[in-house]
Amino acid sequence: MNGYRSLVSALRTPAALGYLLLVGALAAWVAVDTLFISHADAGFAGMWLFFATAPTSLLFLVVPSQFALIGVPIGAVVQAALLGAAYQGLTRTRPVTAG
């Protein structure tokens, strides 16, 4: 249970929330580009989601193609948790010792 609480705590930091917001905006852009814009050739907008959530999401490119897209949300959560943990570590106040 403590691991779950620390994960949620890391995901609630401004760094993690900002990253997830950027990934969500990128996903919206990819959805609009895929659904509403016609291309003469194949568009590579979807690859930006993998790049934004790399390196975790790139590991899922080796699985069969119908499961490759699950790497994007997993990669986003993993990267956001790592960013949040780093943010917490950098902003944690340390007690001042007299000496």
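This is a chat about the predicted model of a protein shown above.

Biologist: Hi! Before we start, what should I know about the model and its numbering?

Modeller: Residues are numbered from 1 along each chain as its sequence is written. This is a predicted model, where local features need pLDDT of at least 70, side-chain atom pairs count only at pLDDT 80 or more, totals for chains, interfaces and linings use all residues, and side-chain values use heavy atoms, with hydrogens and water left out.

Biologist: Thanks! How many helices and strands does the protein have?

Modeller: There are 4 helices and 0 strands, and the order from the N terminus is α-α-α-α. Helices (H or I, at least four residues) and strands (E, at least two) are DSSP runs, numbered from the N terminus.

Biologist: And what radius of gyration does it have?

Modeller: The protein has 18 Å, whereas a compact globule of 99 residues would have a value near 13 Å. The radius is taken over C-alpha atoms, and the globule rule is 2.2 Å times the number of residues to the power 0.38. Along the principal axes, the C-alpha atoms fill a box of roughly 70 × 25 × 20 Å.

Biologist: What share of the residues is buried?

Modeller: Of the 99 residues, 22% count as buried. Buried means under 20% relative accessible area, exposed over 50%, and partly exposed in between (1.4 Å probe, protein chains only).

Biologist: Let's move to helix 4. Which of its residues are buried?

Modeller: The buried ones are Gly 71, Val 72, Gly 75, Ala 76, Gln 79, Ala 80, Ala 81 and Gly 84. They pack against helix 1 (2–11), helix 2 (14–36) and helix 3 (47–52).

Biologist: How far apart are the end C-alpha atoms of helix 4?

Modeller: They are 30 Å apart, which agrees with the 30 Å that its 21 residues (71–91) should span at 1.5 Å a residue. The expected span is 1.5 Å times one less than the number of residues.

Biologist: At what angle do helix 1 and helix 4 pack?

Modeller: The angle is about 85 degrees, and their axes are 7 Å apart. Helix 1 and helix 4 are therefore roughly perpendicular to each other. Helix 1 brings Leu 7, Ser 9, Ala 10 and Leu 11 to the contact, while helix 4 brings Val 77, Ala 80, Ala 81, Gly 84, Ala 85 and Gln 88.

Biologist: How are those terms set?

Modeller: Axes are lines fitted to C-alpha atoms, for helices over the stretch in contact, and angles run from 0 to 180 degrees between N-to-C directions. Angles under 35 degrees count as roughly parallel, over 145 as roughly antiparallel, 65 to 115 as roughly perpendicular and the rest as oblique. Contact means heavy atoms within 4.5 Å.

Biologist: Why does Ala 80 count as buried?

Modeller: Ala 80 counts as buried because its relative accessibility is 0%. Leaving out residues up to four places away in sequence, Ala 80 touches Ala 10, Leu 11, Ala 16, Tyr 19 and Leu 20. Ala 80 and Leu 11 are 69 residues apart along the chain, yet their C-alpha atoms are separated by 6.3 Å.

Biologist: Now helix 2. Which residues are buried there?

Modeller: Ala 16, Tyr 19, Val 23, Val 30 and Asp 33. Their cover includes helix 1, helix 3 and helix 4. Val 23 touches Leu 49, Thr 53 and Ala 76, again not counting residues up to four places away in sequence.

Biologist: Last one: is the peptide bond from Ala 54 to Pro 55 cis or trans?

Modeller: That bond is cis, with omega near 5 degrees. Pro 55 sits in the loop between helix 3 and helix 4.
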